[in-house]
Amino acid sequence: MAGPCVHLRELRGPLHPDKDDTEEECVQEEDGDRDSEFVDAEELCSGGIQAGSLPGRARVSIPDELTKEQCPVRGRFPLLGPWWRVKVRVVKPVRSKIYQAQGFPSYFLQSDMSPPHQKNICSLFLKECGYERRDEFLKWVERVSSYEKLNFENLPDTLRRFDREPGEKNKGTPTENEQDVRRFVNSLIPFVCVMTALKFPKVMEFLPTLFPRHFRRLIGSSSEEVLQRIEEALGTHPWKLGFRRVTYRQMKLLSCEASWTAFSQCPSLLQLMTPLQKNALVVYAKLRQTCREDGHTCVEVEALTSAVAQNMSFQEACESLEFMKDLDVVTYEKDCVFLSELYQAEQGIASSICDLINRPPWHLQVDVKKVLASISSGKPEDSRRAEAAEGSEPDGMGLAQGESVADPQDGGDHVRIDGDHEMSADICDVPLDQDQVVALEMICAKAVTVLSGKGGCGKTTIVSHLFKHVEQLEEKEVQQACKDFELDGDASEEWLAFPKQSPAAVDKAIDVLLTAPTGKAASLLRQKTDLPAYTLYQVSYSFYFWKKHVVDKPWKFSTVRVLVVDEGSLVSVGIFNSVLKLLCDHAKLSKLIILGDIRQLPSIEPGNMLQDVFETLKARGCAIELKTNHRSESQLIVDNATRISRRQFPEFDAELNISASPTLPISIQDKTFIFVRLPEENGSSQSPKDEHRANLYSAVKTLLQGKDFQSAKTSQFIAFRRQDCDLINDCCSKHYVGHLIKDHDKKLIFAVNDKICCTRNAYLADLLPNDDREANGKGFDIVSDAAPSDFKTKQDFESSIRLCNGEIFFITGVSFIIGNNVCQLEIFFLSPRVHHIRDDILVQCFFIRNFYISFAMNIGL
Ligand SMILES: Nc1ncnc2c1ncn2[C@@H]1O[C@H](COP(=O)(O)OP(=O)(O)OP(=O)(O)O)[C@@H](O)[C@H]1O
């Protein structure tokens with residue numbers, strides 16, 4: 001950790017690359033890659049500009065214009081290149097040679113290409129643009145005019161003139177060349193950014209600070225109209241950029257607003273604001289902060305006005321609220337003030353739930369006890385039915401419509417499937433969790449159900465088993481109907497001639513949609529249920545994508561009848577309202593099931609959707625709490641997982657005191673969460689830091705020799721500091737795999753049997769080489785033990801397969817792609833994670849940025 005900062009200073013100067021710059025590993029620097037904020041599907045469909053991720057950290061060198069000092073700076077620079085001049089505030093931590101940028105830089109284009117360096121700057125710029133005829137062009141400029149006359153403003157014209165020039169080995173006709181240059185100028189990002197900077201200097205100066213997530217997308221988007229409106233606002237009404245509802249309405253920006261803190265860094269913009277506008281921004285910031293901290297969608301007016309009392313009078317605070325009300329930024333109800341978008345989201349959820357409850361009822365005719373018995377006995381229902389069917393009807397079907405399922409109204413205590421009589425006895429023997437029985441009966445009968453309970457009480461299991469059971473029954477019905485149809489002598493020729501489609505060939509419609517708020521939760525849901533599961537965001541985004549690109553097919557989720565939302569306590573009201581509305585309006589939604597734990601802390605977003613819906617529906621007999629833990633793992637592990645996710649210290653059921661020279665045997669039998677206490681530091685010859693490292697290393701080495709640590713699959717180290725984690729990882733990596741985790745250049749090394757953790761969310765397809773460009777076009781060969789059919793590249797993958805931050809894999813195999821005998825990419829096969837990915841592969845160069853060795857996990861609490 002760096003020491004305290006000594007001084008804050010402002011640097012101004014051109015942005016030069018730093019010679020010592022090495023690629024950032026970005027491990028655990030999650031904020032740079034955080035998913036963009038949720039945007040409603042309707043807003044997305046409106047074609048607005050969405051936020052991207054924050055620019056990654058980079059090292060640059062800024063020759064300060066004032067002191068002439070060459071300053072190495074580390075910070076987030078959305079644009080790089082010596083044709084940019086920046087103004088950035090920096091600090092230099094004690095004992096560090098590198099300045100750290102504070103906030104984001106302001107950009108100014110060196111439109112004259114910074115004489116006398118025009119040639120170099122122009123050359124670097126054209127190189128960045130990938131302009132192939134760069135050298136010819138520069139020679140031509142030198143010959144026909146001079147560099148002094150060249151600047152960014154006349155560069156496009158100069159390029160056009162060069163292309164028109166007779167005898168300049170132009171291949172195409174003048175018109176074609178003209179088009180080429182226009183394409184080049186209009187579509188290449190560095191060129192577009194430079195042209196934007198010429199037209200919209202205020203955007204370049206203020207937007208990196210005000211909209212750090214939107215800036216790059218905005219200036220690369222060529223949305224002149226939007227940029228023009230922002231430029232105008234920056235010149236006259238900068239306060240408008242502080243309210244997302246205003247930026248959406250007036251500038252078509254999605255979830256985009258500048259914080260009060262960001263405005264405070266731009267004093268020249270504050271000068272353009274009236275006291276009322278400034279006060280409104282302060283009150284708005286406080287309202288957002290309070291909603292976020294308290295988890296509510298509203299704040300009492302009195303509490304809010306007192307919270308800003310230091311900044312303004314009561315009267316002024318009330319006037320600010322009125323100002324925001326007129327803009328539809330806030331809404332009042334009784335004595336409370338709501339952020340309008342959250343108010344509307346809550347109203348929307350309530351109205352969709354009422355709509356569902358008032359739709360014609362859809363009762364699932366299922367014997368829920370049979371479903372539960374199949375879980376408790378651990379036998380899949382198919383095998384039970386197969387066993388039962390052996391002694392049943394000769395056609396083997398045994399299910400006849402009307403007889404096949406129990407009527408939930410008669411208590412479902414007996415099973416009425418033909419040939420299943422033996423099963424009845426079986427079921428009676430299995431003790432059932434009565435809460436689960438009631439929960440399933442509720443789901444079968446009601447349109448909306450909420451199941452709450454701690455992790456392990458079987459919420460996901462019972463719901464997935466129920467719908468698998470329903471699906472089996474439906475399949476049987478269809479088979480029977482087909483059979484009847486074939487036997488029907490009157491069926492038309494045309495129908496009979498229709499080729500039989502194999503079930504796999506039919507694109508299966510999604511009836512039951514399993515969702516979760518985060519990618520990690522969706523991935524867990526997939527693993528647990530063996531069914532496809534999506535994030536709510538994916539559902540919302542797929543609608544937008546379908547509207548925008550797909551015209552000839554119905555929306556992927558248009559057949560959905562049942563929506564299951566897992567981890568309900570983490571679901572924010574905005575995304576839930578959006579998905580619910582989409583499925584009510586554009587699918588066949590008839591049942592909604594929300595799973596979660598009302599006793600768990602709600603999502604960090606304002607609003608407590610689960611608790612609110614649970615309380616409301618409990619009174620109507622549509623919500624239940626499950627109380628029995630069915631998980632075979634120790635309850636302590638389950639509870640500690642919850643504690644850690646809430647940033648609370650875990651509890652331990654054993655403590656191991658490691659002596660200075662630890663030896664085996666150390667018995668930790670039957671213990672699941674063990675605290676390892678290292679020897680007291682005795683201040684011997686080594687520094688305290690070295691002594692701690694030596695003790696830790698030797699303790700881990702000893703532990704690894706024990707039986708309990710034979711497999712890295714069934715044990716996990718946890719540490720509270722990154723350095724400790726690295727050390728334990730090194731030790732484990734040597735023990736389990738036989739290598740250190742980093743090479744002499746401090747680059748991560750990966751090998752077969754490594755336990756690795758994904759450190760950022762990413763679509764798998766984005767990590768793979770492009771089949772055409774990289775694998776074939778450049779003549780790559782694959783040297784692999786894997787059968788060719790096993791080998792997969794980008795196009796073989798469903799683009800929706802998502803790797804989630806925090807997911808753990810083992811590397812199970814390795815292959816190589818050799819390109820033109822020069823470059824070599826390592827391809828790793830990961831342990832099967834989700835059943836529909838069998839041979840995941842990733843490319844080493846991306847690997848480093850996306851994975852980290854995880855024999856030890858860091859839980860900095
Ligand atoms: N009735 C039951 N009989 C036997 N085992 C059960 C029963 N219900 C659930 N289980 C088992 O308990 C374990 C936990 O179930 P499940 O994962 O569905 O719980 P959960 O409430 O969804 O937990 P979480 O909130 O952590 O996702 C699973 O291994 C499941 O097979």
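**Legends to close-up views of a predicted model**

Among contacts (heavy atoms within 4.5 Å) in the protein chain between residues at least 6 apart in sequence, 69% join residues at least 24 apart. The model is predicted: local features need pLDDT of at least 70 and side-chain atom pairs pLDDT 80 or more, while totals for chains, interfaces and linings use all residues. Residues are numbered from 1 along each chain as its sequence is written, and side-chain values use heavy atoms, with hydrogens and water left out.

**View 1. The protein chain and its surface.** The protein chain holds 32 helices and 27 strands; these are DSSP runs numbered from the N terminus, helices being H or I with at least four residues and strands E with at least two. Of its 861 residues, 47% are buried, where buried means under 20% relative accessible area (1.4 Å probe, protein chains only). The accessible surface is about 43500 Å², and carbon and sulfur atoms account for 51% of that. Accessible areas come from the Shrake-Rupley method with a 1.4 Å probe; for residues, only the protein chains shown count as cover.

**View 2. Helix α7, residues 201–210.** This helix is mostly covered, with 7 of its 10 residues buried. The buried residues are Val203, Met204, Phe206, Leu207, Pro208, Thr209 and Leu210.

**View 3. His692 in helix α28.** Helix α28 spans residues 688–705 and includes His692. His692 counts as buried because its relative accessible area is 17%. Beyond its neighbours within four places in sequence, His692 is in contact with Leu678, Glu681, Arg721 and Asp724.

**View 4. The side chains of His692 and Asp724.** A polar contact of 3.0 Å links these two side chains. A polar contact is a pair of N or O atoms within 3.5 Å; within protein, one must be able to donate a hydrogen and the other to accept it, and residues adjacent in sequence count only if both atoms are side-chain atoms.

Key. Buried means under 20% relative accessible area, exposed over 50%, partly exposed in between (1.4 Å probe, protein chains only).
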